[in-house]
Amino acid sequence: MEISDKLMCLFNADVRSEDDRYVVEVPRREIETGSVEPGEIYRVALISRQEEESSEPSSKRSHTSEPQPPVEVGELRYVEIEDIGKQGDGIARVERGYVIIVPGAEVGERVKVEVTEVKSNFAVGEIIEEDF
């Protein structure tokens, strides 16, 4: 399966019936990390979990349903700061919309960062070179 570079987040969710509609809940962490904004409109793709599990041999299945972060601690990245977070830190997005928080960066800056911390839904990078 090919995954678009425009993918902003990926999570598992149940579809539930609510009155005359069906609802898929977005996890709070996707809102808090800045991947998704309340009130905005997004394109949603649904992938059957059963199909995924049955098409992949059990020996090759990951033990986690979450995608792995596209960065590693110590990795150097060139990023452009797209936004400022609630606490004033720069926000850059890389593959699949994965967020790298860059303290001390401003919107529009292009910086070289060293990834210092990696979590499942965001990473922290320290500026090592500004405006490359």
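Which residue in β7 is the bridge partner of Tyr78? I looked this up to start, and the partner is Lys112.

**Entry: ground rules**

I am working from a predicted model, in which local features need pLDDT of at least 70 and side-chain atom pairs count only at pLDDT 80 or more, while totals for chains, interfaces and linings use all residues. Residues are numbered from 1 along each chain as its sequence is written, and side-chain values use heavy atoms, with hydrogens and water left out.

**Entry: the sheet**

I took helices (H or I, at least four residues) and strands (E, at least two) as DSSP runs, numbered from the N terminus. Two strands count as paired if DSSP finds at least two bridges between them. I read an open sheet of six strands with mixed pairing, in the order β3-β7-β8-β6-β5-β4. The edges are β3 (76-80) and β4; each has a single partner strand, so one side of each lacks a neighbour in the sheet.

I then followed the β3 end. β3 runs antiparallel to β7 (residues 110-118), and five bridges join the two. In this pairing Val79 stands opposite Val111. On the β8 side, Val111 stands opposite Glu130. β7 and β8 (residues 122-130) are also antiparallel, with seven bridges, and they form a hairpin with three residues between them.

**Entry: salt bridges**

I counted a salt bridge where a side-chain nitrogen of Lys or Arg lies within 4 Å of a carboxyl oxygen of Asp or Glu. The count by this rule is eight. For accessibility I used relative accessible area: buried is under 20%, exposed is over 50%, and partly exposed is in between (1.4 Å probe, protein chains only).

Which two glutamates did I find paired with Arg77? One is Glu75, at 2.7 Å from N to O; another is Glu95, at 2.8 Å from N to O. I noted Arg77 as buried at 14% relative accessibility. Glu75 is partly exposed at 23%, and Glu95 is partly exposed at 33%.

I also checked Arg16, which forms a salt bridge with Glu18, the closest N and O atoms being 2.8 Å apart. Arg16 is partly exposed at 33%, and Glu18 is partly exposed at 24%. A network of salt bridges links Arg16, Glu18, Arg21 and Glu25.

**Entry: the second largest pocket**

I used a 1 Å grid over the protein atoms alone; a pocket is an open set of points where a 1.4 Å probe fits, with protein on both sides within 12 Å along at least five of seven lines, and lining residues have an atom within 4 Å of a point. Grid points are joined across faces, edges and corners, and the volume is the space filled by probe spheres set on the points.

The second largest pocket holds about 390 Å³ of space. Of its 17 lining residues, Glu32, Thr33, Gly85, Lys86 and Ile91 are the closest to the centre. The elements giving two or more residues to the lining are α1 (28-32), β4 (83-84), β5 (90-93) and β6 (99-102).

I sorted the lining by class, with Ala, Val, Leu, Ile, Met, Phe, Trp, Tyr, Cys and Pro as nonpolar, Asp, Glu, Lys and Arg as charged, and the others, Gly among them, as polar. The lining has seven nonpolar, four polar and six charged residues.
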